Each structure stands twice: as structure tokens, then as C-alpha cells.
Amino acid sequence: MKRPVLKTELFRDPVIIESIDLLKYKRNYLCRVRSRGGAEGIAFVNSQMDRLYPFFLKDIKPYFIGKDARNLEALLEGVYVHESNYKLQSVALWVPVSTIEFAILDLLGRIANKSMGQLVGEIHHPEIHLYQANSERGITPEETIDQLHEQLEKSQARAIKFKIGGRMNAPEVPKGRTERLIPLVRETFGDNMVICADANGSYDVAEAIRVGKIMEEYRYEFYEEPVPFDWYEETKQVSDALQIPIAGGEQEPSMRNFRWLLGNDALQVVQADMCYFGGLIRSMRVARMAKVLGKVHTPHVSNIGYVYTLHFVSAIPNAGPYHELKTPFNDDMEFECKTSTLLPEKGRVKVPTGPGLGIDFDPAFVAKHRIIDV
Ligand SMILES: [Mg+2]
């Protein structure tokens, strides 16, 4: 876990961070980092920034100014304790930090002519197989099946994930949906479809185990967040009682907690989110812990995190077989990706191979944005 992730040997000279700008146009944000030598990196910004930007501008951004981007790994450790930022550990801290990491990796990738994945690992997966996620609750099993049919027609994915339970202990609507839906999805899409279900912490231990046994009967691939995400011991109890792999970690902000969840075999599929966990470098450490234990990393994807997830997954040996599909990807943004459509073709998407993120923003689009200040 402590082995360096970022390939600093690619950079002979210091890359001093001269400016970090948070840009806004209508409801969209971008983050732009410039080095003293004139290099530039731009990042998409997670929608959570809308409520976090004062903290980003006052306590996160200034820490990075004047520092050498080659020390990014140490800076990620440093910003955590700087000004007691650790007190905000969660989305509040890690979305701002990951935003800067994404922009810095784009900048470094452009200097070294390497993709983001190449900066943090070896490329194991130039193409990524996607699973079709359906996020609707509160509809009948038949309506869920109709939606999945429609979605699969477009994506041609060979794997599915859908929602069960009522989310974070809330009662399920309509009642009995989960028990009818689990067999129905298998019967509808057949034996060759890879099927996963996400409970978003709907159950207590006993109910989680009962539902998990139904999923096992219908040969489901994994079972996500059976109990609330921070019920660590209960997650392990569910995991111990079932054969089906338990997935989790999308809300997890703490490296130490991932260490516990993996080390105690509470999770078999780990799902650190690029935006919510602070970026590719920290997530790589989680993937390494999982790899040592023979487990897979299937990141959770929050909105613009999709493109960063593609690069991350490309660079880990222990990626799960299918990954979350988040498309259409930012239709209202103006950019060009020369090496990938970013869309699934026959259920697969090609990882961009250009330098950095592999995406060039239209300069006229960037120019429409104004710099946000506190
Ligand atoms: Mg989930």
C-alpha cells in the first residue's frame, strides 16, 4: 500500500503549480491548473462542488499553490492534515481534493505524453466492459424489466445492476418488489446475463441474509451494500453468512476503514469512488490491498467520475469484469476525445489513450466560464 503510485521518474524538472482556478458557466464547473512552465490541465468537476466550493477555495486550493506537482502523493497526505481538513473527511474533503488531483494528472500527462492510467499504473484493460445500471426504486418489477430492456437495447451490455429494498432502512415501495424482481430478472434475461443488485443499506443483518439467499438461488454475481454502509461489523456478519460476494465502499472516505473491510473479509468486491475517495492515487492503494487478498475493485461512479474511472480501471490488474455505465456523458459540455467515443459499443467502451485525461475542452467553451472566488 505504501509503494509509490505516481511515476515521478517521468519528470526530470520540477512542475511548480502556479495557479488553480475553479471555473463556472451556468451550472457547470471546471478546474484548471497551470504550472510555472506554462503547462495546463483541466478537470471535470463533480456536482457536489456546488455546495463545497467555499471550502475548496479557502482551505484546499491554497495548499497546492507553489508546490511541485511531482510530489502529488505527499501533497494528498499533507492536505488531509492541513488546517485540520481531516475534520471534514468524506465527500466534503475528498471531492475538492480529487478535483485538483484530476487536473494535476491531466497536466502531468500532457507534459509526459502519457495517459492518466499510465501515470499511476500499467495498462491492463484498454477496453472496459460495462454493466447496465438501473437506479429506479418505487416502480413495479415489471416496470423495472421494461426499463432494463430499453437500456440494454442501447448499451448492449452483458451485465445488469438494479436497485432492491427501500434505501437506508426505508420501507420498500411497492411492497414485495424485491422478492418478485430477483427471480424475474433472471428469468427474463436468461442464464448468460451477469446480474448484480444494490440494496443501498436497506436491511438489518437478518433481512440482508434472507434476501441474499434468494440472490444466491438465482446465481447473482454480487450483492451491494446489504446493510447501511458504516455498519462494518454487520457487513461482515452478512458476508460470513452468504456465499455471494458482498460489494461496498462507495461512501467510504477512510483508507483505514477499507483496510478493515478488506482485511476482515467483510467485502469481496471493493468500490472506492474516484471523486468521493480523493482520486486515482488513493484508490490505487485500495486496489492494491484488494489484490493482495484476491479481491476485485469495481469503482462506484458518481456523475463525471465516469471518465476518471475508465482510466483507473484501465490501470488495475484486479478490476472486476464489468463496470458502471454512466452515459450519456455530459451532453452539455463541449469537448473532443480523439481516441474514444466514451460510449459503449457492444457493451464495451474504449479508454482514451491521449495524454492526461485524453479529452480536449473547446477553448471557446472554457472561455465562457468565469473564475469563482471567495
Ligand atoms: Mg451503490
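The model is predicted: local features need pLDDT of at least 70 and side-chain atom pairs pLDDT 80 or more, while totals for chains, interfaces and linings use all residues. Residues are numbered from 1 along each chain as its sequence is written, and side-chain values use heavy atoms, without hydrogens or water.

Because Asp198 lies in strand 6 (residues 194–198) and Glu224 in strand 7 (residues 223–224), the pair ties together parts that are 26 residues apart in sequence. Strands (E, at least two residues) and helices (H or I, at least four) are DSSP runs, numbered from the N terminus. Both Asp198 and Glu224 are buried, meaning under 20% relative accessible area with a 1.4 Å probe, protein chains only (exposed is over 50%, partly exposed in between).

Elsewhere, 4 strands form an open sheet in the order 3-2-1-15, with antiparallel pairing; two strands pair if DSSP finds at least two bridges between them. Strand 3 (40–44) and strand 15 (370–371) stand at the edges with a single partner strand each, so one side of each is left without a neighbour in the sheet. Strand 1 (residues 17–25) and strand 2 (residues 28–35) run antiparallel and are joined by 8 bridges; Asp21 has Arg32 in strand 2 as its bridge partner.
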